[in-house]
Amino acid sequence: MAVRGRTRLWIASAATAAIVLPLGWFWQQSLLPDSYDMAAMGVADWGGGPVDDHAAMDGMEGTAVADLTADLDATPDVSETLTVRVEAGDYTVNGTSPGPLLEVTEGDLVEVTLVNDNVQDGITLHWHGFDVPNAADGVAGVTQDAVLPGESFVYRFVAEQVGTFWYHSHQVSHEQVQGGLLGGIVIHPADAGTARADVDEVAIVHRYDGGSTINGELGTSTLDAQPGDEVRLRVVNTDNGLAQAWVTGAPFRVLAIDGSEVNEPGDLEHTAVRVPAGGRVDLGFTVPDSDLRVDFSAGTTLLVGATPAGARPERPHETFDPLSYGAPVADLGFDPAQPDRTFDYRIGRRPGFLDGHPGNWWTVNGRLFPDTPMYMVEEGDVVVFRIENGSSDTHPMHLHGHHAVVLSRDGVAATGSPWWVDSLEVEVGESYEVAFVADNPGLWMDHCHNLPHAAEGLVAHLMYAGVTSSYRIGGEPGNAPE
Ligand code: C2O
Ligand code: CU
């Protein structure tokens with residue numbers, strides 16, 4: 001009896017050990033050091049192209065991220081100082097949220113000084129959708145250190161793109177962005193021949209703790225316009241989830257998506273337009289003599305002209321599809337049919353440990369952060385990404401520093417205007433093929449813009465061979481980009 005009892009106990013202990021030891025190993029393996037070099041993490045994926053030296057992983061000399069700047073000596077055309085404060089979780093930039101709208105002209109050298117008044121966690125500014133030099137990208141621990149209370153940081157970039165963009169913190173971003181550390185930036189074309197719309201306005205759609213807003217105003221807002229005015233309404237979705245907008249009272253057009261003009265946009269009516277988290281859509285319409293309104297899925301409304309409210313119209317059944325909207329162009333500027341590298345970005349979910357925390361975490365190509373892919377490119381490469389959402393939640397995917405053109409969705413080729421994106425809603429079960437030219441050296445995040453998802457590990461990076469890190473995640477400044 002005694003012997004058999006001991007055997008049983010031994011078997012039970014061995015069985016327990018067989019479960020606990022590997023778990024302990026996985027737990028231990030997932031623990032991240034106090035500080036680490038993002039460029040040295042992950043699994044190098046060369047996308048079927050030539051395998052070059054990866055300076056950061058091979059400990060070689062290379063071009064440092066901190067040196068990838070705009071001209072530091074030239075005199076800026078536009079200078080702004082943005083000072084951030086936080087009060088009980090509510091963030092302001094120069095006293096308001098959204099912060100000041102920055103309006104500049106194409107070709108301007110822009111200089112923005114970010115000042116941290118009292119944010120203990122530190123802050124940064126990322127120029128969402130704006131393909132700035134890497135050192136101005138504003139990602140804590142990747143392209144700079146978090147700016148601590150009493151400190152400041154200077155961003156410099158030439159406004160080479162035209163269109164609607166926004167800025168937001170990329171330090172503890174899942175808290176700070178929702179809390180209001182954000183604002184809009186619009187770049188107007190330099191060409192005097194490009195007439196500006198009679199009414200050119202930004203509508204930042206954001207849900208604060210106090211409710212859903214347009215430009216910080218709860219409920220119903222009004223846009224000043226006269227019958228006959230041409231309006232360009234720049235909708236910016238700064239939330240974590242999809243925004244939808246529908247125009248009632250006149251036909252409208254989608255003039256631009258994520259800051260890129262649509263080629264030959266056609267008239268739309270009774271159609272809802274989806275704006276992914278982080279994305280922008282410029283709507284164009286002529287104000288009629290009668291009522292015109294733009295309603296948003298968050299429950300907010302923009303009345304155009306001081307027309308009476310009336311009943312809120314239902315969301316139309318029709319949904320705008322950029323895949324077949326507008327007209328194609330003869331020349332994209334590159335040939336996506338001959339890519340130098342092709343990458344998979346397969347999104348999934350599985351149980352495991354993230355920095356020692358057990359949970360059901362997001363995966364990229366089956367791997368948990370930070371063992372997600374390090375997509376390796378060389379300058380000049382034509383790159384194709386196949387993004388596939390095999391999880392049970394939708395993901396607005398955002399690549400920093402580059403604009404990609406959509407080639408196909410679920411195997412159906414794009415037939416309309418080139419659909420350039422920096423924020424792409426990839427719904428459950430959907431797959432997209434997108435392409436871009438690797439023309440902006442650096443270390444770039446490629447992540448979900450439902451920011452809590454990023455904090456749960458839905459993050460990978462695009463890395464140029466020969467670039468080395470200048471900053472570390474964690475460490476003294478407490479760099480925590482997600
Ligand atoms: Cu708008 Cu990585 O962010
Ligand atoms: Cu997501």
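Does His395 count as buried or exposed, and at what relative accessibility? At 0% relative accessibility His395 counts as buried, where buried means under 20% relative accessible area, exposed over 50% and partly exposed in between, with a 1.4 Å probe and protein chains only. The model is predicted, so local features need pLDDT of at least 70 and side-chain atom pairs count only at pLDDT 80 or more, whereas totals for chains, interfaces and linings use all residues. Residues are numbered from 1 along each chain as its sequence is written, chains are lettered from A and ligands numbered from 1 in the order in which they are written, and side-chain values use heavy atoms, with hydrogens and water left out.

**Copper site.** His395 (ND1), Cys448 (SG) and His453 (ND1) coordinate the copper ion (ligand 2) at 2.0 to 2.1 Å; donors are N, O and S atoms within 2.8 Å of the metal (3.2 Å for Na, K and Ca), and because water is not among the atoms, sites may look incomplete. Along the chain, the donors of this ion follow the spacing H-x52-C-x4-H. Since His395 lies in strand β29 (residues 395-399) and His453 in helix α4 (residues 451-455), the pair ties together parts that are 58 residues apart in sequence; helices (H or I, at least four residues) and strands (E, at least two) are DSSP runs, numbered from the N terminus. His453, at 6% relative accessibility, also counts as buried.

**Sheet.** Seven strands form an open sheet with mixed pairing, in the order β14-β13-β12-β16-β21-β18-β19, two strands being paired if DSSP finds at least two bridges between them. The edges are β14 (217-218) and β19 (260-261), each with a single partner strand, so one side of each is left without a neighbour in the sheet. Strand β12 (residues 199-208) pairs with strand β16 (residues 230-237) in the parallel sense over seven bridges, and Val202 has Arg234 as its bridge partner in β16.

**Cavities.** The whole structure holds two cavities of 30 Å³ or more; a cavity is a set of points, on a 1 Å grid over the protein atoms alone, where a 1.4 Å probe fits but cannot get out, and lining residues have an atom within 4 Å of a point.

| Cavity | Volume |
|---|---|
| Largest cavity | About 160 Å³ |
| Second largest cavity | About 60 Å³ |

Among the 15 residues that line the largest cavity, Ile387, Leu399, Ala404, Val434 and Asp446 are the closest to its centre. Strand β29 gives the largest share of this lining, three residues. The lining of the second largest cavity includes Ile257, Phe320, Tyr325 and Trp419.

Terms used
1 Å grid on protein atoms, 1.4 Å probe; cavity = no way out; pocket = protein on both sides within 12 Å on 5 of 7 lines; lining within 4 Å. Points joined across faces, edges and corners; volume = space filled by probe spheres on them.
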